[in-house]
Amino acid sequence: LDRVMTAHPGMAAAEAARLRRHCIAAALAAQALARRCAPALEPEAFMAGVLHEVGMLVFWALRPDVMARQLAQGEVHPDLGISHAHCGQLVMQAWQLPVWLQLSVAHHHAGALPEGMAGEMCAITRLADALASRTGHGLGDDDEHADMDLALARCGLVEADLEALAAELPEAVEGFLGALN
């Protein structure tokens with residue numbers, strides 16, 4: 001993740017750093033959420049958090065000019081004909097990664113939650129993405145997290161649980177980044 005985001009041609013260093021920080025924050029949030037609602041899924045939740053924005057990296061690789069222009073114009077989710085979430089799902093599918101990971105990437109902003117483990121992972125990833133944004137590690141889409149009540153209910157959590165996790169997340173992110181550097 002670090003190598004991809006820092007050595008990506010066409011992606012401004014500030015944007016790479018922001019995306020890296022967001023993915024790390026989402027991974028740590030997903031792990032903490034799983035610890036509360038599905039402890040056996042902590043490693044998977046961390047992985048889903050790290051990879052949930054892979055579609056954005058593909059967009060930067062394919063069309064850095066369009067990405068830079070759309071972001072400069074204030075577009076939160078640049079449009080290259082498909083959403084970054086759908087693009088990420090296609091990447092996960094091409095890499096033959098598990099279906100639960102494909103769906104977690106595809107549904108990290110909104111949408112129905114599938115049954116079973118895949119649904120739990122989608123809910124956790126959606127909540128983790130929102131937590132990363134709430135704690136200052138967002139990508140400018142702080143108000144674009146739909147179906148949060150559905151995700152909370154799926155995880156057996158309430159808003160107060162998210163607030164508690166949000167209070168802990170900034171310190172965890174700084175500690176993790178410090179360990180990487």
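Colleague: Which residues in H3 and H7 meet?

Modeller: This is a predicted model. In it, Glu44, Met47, Ala48 and Leu51 of H3 meet Trp100, Leu101, Ser104 and Val105 of H7.

Colleague: What is that contact of H3 with H7 made of, by class?

Modeller: Six nonpolar residues, one polar and one charged.

Colleague: At what angle do H3 and H7 pack, and how far apart are their axes?

Modeller: The angle is about 45°, and the axes are 10 Å apart. H3 therefore counts as oblique to H7.

Colleague: Is the crossing of H3 and H7 left-handed or right-handed?

Modeller: H3 and H7 cross in a right-handed sense.

Colleague: How many of the residues of H7 are buried?

Modeller: Seven of its eight, so H7 is mostly covered.

Colleague: Which ones are buried in H7?

Modeller: Trp100, Leu101, Gln102, Leu103, Ser104, Val105 and Ala106.

Colleague: And what covers the buried residues of H7?

Modeller: H3, H6 and H8 are among the elements that cover them.

Colleague: Moving on to Pro114. Where does Pro114 lie?

Modeller: Pro114 is in the loop between H7 and H8.

Colleague: Why does Pro114 count as partly exposed?

Modeller: Because its relative accessibility is 21%, and buried means under 20%.

Colleague: What does Pro114 touch, not counting residues up to four places away in sequence?

Modeller: Leu103, Gly119, Cys122 and Arg154.

Colleague: How far apart are Pro114 and Trp100 in space?

Modeller: They are 9.2 Å apart, C-alpha to C-alpha, with a separation of 14 residues in sequence.

Colleague: New topic, the largest nonpolar core. How many residues are in it, and which touch the most other members?

Modeller: The largest nonpolar core has 42 residues, and those touching the most other members are Leu33, Met121, Ile124, Leu127, Leu131, Leu162 and Leu169.

Colleague: Which elements give two or more residues to this core?

Modeller: H2 (13–37), H3 (42–51), H6 (84–94), H7 (99–106), H8 (116–137), H9 (148–155) and H10 (159–180), each of them a helix.

Colleague: Which one gives the largest share of this core?

Modeller: H8, with ten residues.

Colleague: Take Leu131. What is Leu131 in contact with, leaving aside neighbours within four places in sequence?

Modeller: Leu131 contacts Ala29, Leu33, Leu162, Leu165, Ala166 and Leu169.

Colleague: How many residues are in the second, separate core?

Modeller: Eleven, including Cys23, Phe59, Met67 and Leu139.

Notes. Residues numbered from 1 in each chain as written. Predicted model: local features only at pLDDT ≥ 70, side-chain atom pairs only at ≥ 80, totals over all residues. Heavy atoms only, no water. Core = buried A, V, L, I, M, F, W, Y, C linked by side-chain atoms within 4.5 Å. Buried < 20%, exposed > 50% of the residue type's maximum accessible area, 1.4 Å probe, protein only. Helix = DSSP H or I, 4+ residues; strand = E, 2+ residues; numbered from the N terminus. Contact = heavy atoms within 4.5 Å. Axes fitted to C-alpha atoms, helices over the stretch in contact; angles between N-to-C directions. Parallel < 35°, antiparallel > 145°, perpendicular 65-115°, else oblique. Left-handed = near helix turned anticlockwise from the far one by under 90°. Nonpolar A, V, L, I, M, F, W, Y, C, P; charged D, E, K, R; others polar.
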